[in-house]
Amino acid sequence: MQLVVARIGRAHGIKGEVTVEVRTDEPELRLGPGAVLQTEPASAGPLTIETGRVHSGKLLLRFEGVKDRTAAEALRNTLLIADVDPAELPEDPDEYYDHQLMDLDVVLTDGTPVGRITEISHLPSQDLFIVEREDGTEVMIPFVEEIVTEIDLEAQRAVIDPPPGLIDDRAVIDSTREEES
């Protein structure tokens, strides 16, 4: 199975290093020196990581054969893809790979069906489940423990406890106005 583990950002310096937007919880495993990664677009790869280091909070990588800023800049926005055994699971039991979450049924805490996860969007602040409802509409569910209360891989479902208005238009509005006389 192939998983996107990073996206190449801008070139850094003049010796072929690039900044990397990490998309894996295990960068030391997936993005270490010697790792061979497929790419999207495929014409940019495969790429073998020569060196990696952290600078000002950003991961910088250098790939074999990429020796200058021009070559590094040509890789900008390329996705890095690792081959992963489908049976492999994250070390932390509260972490999941995207492929484990795709197609899970989403239900409310009372068992009411909401839909099915069709996409996972990775944003800087949090991840979002894109859930397709039975009527074909989509709803976005933040993947935070306050809302996604349980992931049950055996039952193939995600249980959510959404705040009012997240999955429907019926938001509860509290009124503290005094009655007018």
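Select E50 first. E50 is partly exposed, with a relative accessible area of 29%. Partly exposed lies between buried (under 20% relative accessible area) and exposed (over 50%), using a 1.4 Å probe and protein chains only. Keep in mind that this is a predicted model: local features need pLDDT of at least 70, side-chain atom pairs count only at pLDDT 80 or more, and totals for chains, interfaces and linings use all residues. Residues are numbered from 1 along each chain as its sequence is written, and side-chain values use heavy atoms, leaving out hydrogens and water.

E50 and K67 form a salt bridge, with their closest N and O atoms 3.2 Å apart. A salt bridge here is a side-chain nitrogen of Lys or Arg within 4 Å of a carboxyl oxygen of Asp or Glu. E50 sits in strand β4 and K67 in the loop between β5 and α2 (69-73), so the pair ties together parts that are 17 residues apart in sequence. K67 counts as exposed, at 51% relative accessibility.

Next, colour strand β4 (residues 47-55) and strand β5 (residues 58-63). They run antiparallel and are joined by six bridges. Strands are DSSP runs of E, at least two residues; helices are runs of H or I, at least four; both are numbered from the N terminus. Two strands pair if DSSP finds at least two bridges between them. Look for R53: L60 in β5 stands opposite.

Zoom out to the barrel. Six strands close into it in the order β1-β2-β5-β4-β3-β6, with antiparallel pairing. From one strand to the next, the twist averages 50°. Such angles run from 0 to 180 degrees between N-to-C directions, with axes fitted to C-alpha atoms.

Move to the open sheet. Its six strands follow the order β10-β9-β8-β7-β12-β11, with mixed pairing. The edge strands are β10 (138-142) and β11 (148-152), each pairing on one side only. Strand β9 (residues 127-132) runs antiparallel to β10, and five bridges join them. Pick E132: its bridge partner in β10 is E138.

Now select R116 and D103. They form a salt bridge, the closest N and O atoms being 2.5 Å apart. R116 lies in strand β8 (residues 113-122) and D103 in the loop between α3 (98-101) and β7 (105-108), so the pair ties together parts that are 13 residues apart in sequence. R116 is partly exposed at 31%, and D103 is partly exposed at 43%.

Last, show the whole chain. Its secondary structure comes to three helices and 12 strands. Buried residues make up 35% of its 181 residues.
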